[in-house]
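I opened a notebook page for this model and looked up a few places in turn. The entries follow in the order in which I made them.

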Amino acid sequence: MRKSRFTEAQMVTILREADKAPVAEVAKKHGVSEQTIYTWRKHFGTMDADEVKRLRQLEQENARLKKLLAERDLEIEVMKEIAAKKLVSAPARRRQVAYARGRGLSERRACALMSVARSAMRYESRMQRKDAPALAAMGLLSAQYPRYGYRRIQVFLERQGYPMSSDRAWRLWRQAGLQVPRKRCRKRIAASRPRPRPPTGARQVWAYDFVFDACANGQQLKCLTVIDEFTRECLAIDVAGSIRSGRVIEVLSQLVTVHGAPKVLRSDNGPEFVSKALLKWAAGENLDLALIDPGKPWQNGTTESFNGKFRDECLSMEWFRNRVEAKVVIEQWRRHYNDVRPHSSLGRRTPAEFKRLCISTTHPEAVLQE
């Protein structure tokens with residue numbers, strides 16, 4: 001029925017008068033039409049005023065019960081949605097309260113369900129303001145070094161004046177949503193085998209190998225990498241289109257002049273490394289050649305590890321337009337690797353820093369164990 005100026009009790013009273021007197025007279029008396037009285041009679045029938053009041057109370061009670069049932073069902077549904085994880089920390093519970101409020105629950109009821117004080121909803125964490133500078137620096141470093149994980153980024157943060165523990169670095173790393181893209185796992189050998197003639201100090205064993213790539217203009221890149229197995233220092237990365245044994249001898253001769261001669265040269269059995277010219281040069285320099293067994297690259301594991309980092313952090317991240325640009329960029333990366341990049345196996349030191357420590361002490365093994 002449409003809203004009327006008469007209450008339901010007044011309508012029923014008028015109907016009872018119409019039962020005792022003519023409808024036209026009652027309608028004229030109360031200023032309504034006869035059709036209105038017939039409509040009221042169809043709606044209320046023979047009910048009296050007390051019965052109408054009771055009916056209204058029952059309708060209101062029924063509406064209240066329906067509302068309570070809907071709220072209970074909503075609470076059960078919300079609790080099922082947020083109960084997937086165990087809520088331990090206060091920030092997590094506050095986030096769940098905000099979620100429940102978004103679903104339609106009142107703040108008071110949501111706080112009661114989550115066992116959170118209402119005053120806690122106005123709490124502002126001081127940790128967020130404390131972590132904001134470190135988070136910003138971590139984001140910039142992660143963008144600059146996309147292949148570095150949180151442990152290596154932590155070293156750079158400490159250099160910038162943000163000292164922190166590994167647990168805090170991991171928390172900030174997860175909070176920023178950072179991650180290193182996973183590489184496809186490779187099959188490993190079933191058991192570890194000892195590497196022949198392992199180094200015990202700097203400038204004892206040099207290892208060298210080739211890494212191949214290509215430029216955007218189609219020029220091929222052949223990179224000769226030479227590293228010191230003990231200090232992990234990259235002594236040289238020679239970039240060219242083709243490198244024969246003569247070029248290998250030239251690069252090694254230059255390194256011997258600058259750094260001094262090592263005791264052993266380790267490599268695989270490539271034709272450039274087993275040529276007569278290289279064997280003759282090594283014999284003239286009193287250098288021993290430690291050639292790994294065919295099909296066993298793990299015997300030259302230090303070089304293989306470096307080549308993986310070289311490809312992952314430089315070759316796969318850069319776009320070389322030509323060979324000249326590749327030489328410049330690769331040389332910049334080599335210097336960054338030696339002087340800036342921390343190495344986990346060297347106690348998070350750089351190869352250059354570790355080399356200085358080895359030179360200043362008489363027991364390089366103790367420095368490595370430290």
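**Entry 1**

I started at Arg 348, which sits in the loop between α13 and α14. Helices here are DSSP runs of H or I with at least four residues, strands are runs of E with at least two, and both are numbered from the N terminus. Before going on I noted the ground rules: this is a predicted model, local features need pLDDT of at least 70, side-chain atom pairs count only at pLDDT 80 or more, and totals for chains, interfaces and linings use all residues. Residues are numbered from 1 along each chain as its sequence is written, and side-chain values use heavy atoms, with hydrogens and water left out.

I checked the backbone of Arg 348. Its phi is near 65°, a positive value in a residue other than glycine. Most residues other than glycine have a negative phi. Arg 348 is partly exposed, at a relative accessible area of 32%. The scale is: buried under 20% relative accessible area, exposed over 50%, partly exposed in between, with a 1.4 Å probe and protein chains only.

Thr 350 lies in the loop between α13 (323-339) and α14 (351-360). Is Thr 350 buried or exposed? Thr 350 is buried, with a relative accessible area of 4%. I listed its contacts (heavy atoms within 4.5 Å). Neighbours within four places in sequence aside, Thr 350 touches Arg 159, Asn 338, Asp 339, Val 340, Arg 341 and Pro 342.

**Entry 1: another positive phi**

I then looked at Arg 203. Its phi is near 60°, again positive in a residue other than glycine. Arg 203 is in the loop between α9 (166-175) and β1. Its relative accessibility of 39% makes Arg 203 partly exposed.

**Entry 2: aromatic rings**

Next I counted ring pairs. Rings of Phe, Tyr and Trp (its six-membered ring) pair if their centres lie within 6.5 Å; planes under 30 degrees apart are stacked, over 60 edge-to-face, the rest tilted. How many aromatic pairs does this rule give? The count comes to 13.

I took Tyr 148 and Phe 156. Their ring centres are 6.0 Å apart and their planes are at 20°, so I logged the pair as stacked. Tyr 148 is buried at 2% relative accessible area. Phe 156 is buried too, at 5%. Arg 152 lies over the face of Tyr 148, at 5.3 Å from the ring centre. For that label, NZ of Lys or CZ of Arg must be within 6 Å of the ring centre and within 35 degrees of the ring normal.

I moved to Phe 210 and Phe 273. This pair is stacked, with 5.0 Å centre to centre and 15° between the planes. Phe 210 lies in strand β1 (residues 205-214) and Phe 273 in the loop between β4 (264-267) and α11 (276-284), so the pair ties together parts that are 63 residues apart in sequence. Phe 210 is buried at 11% relative accessible area. Phe 273 is buried at 1%. Tyr 208, Phe 210, Phe 212 and Phe 273 form one aromatic cluster. Lys 222 lies over the face of Phe 210, at 4.4 Å from the ring centre.

I followed Tyr 208 to Leu 252, which touches Tyr 208, Val 226, Leu 265, Leu 278 and Trp 281, not counting residues up to four places away in sequence. Leu 252 lies in helix α10 (residues 245-259). Leu 252 is buried at 1% relative accessibility. Leu 252 and Trp 281 are 29 residues apart in sequence and 9.9 Å apart in space, C-alpha to C-alpha.

Thr 303 also came up. Thr 303 is in helix α12 (residues 301-315) and is buried at 1% relative accessibility. With neighbours within four places left aside, Thr 303 is in contact with Ala 207, Tyr 208, Asp 209, Thr 225 and Ile 227.

**Entry 3: totals**

The protein has 15 helices and five strands. Of its 370 residues, 37% count as buried. Among contacts between residues at least 6 apart in sequence, 59% join residues at least 24 apart.
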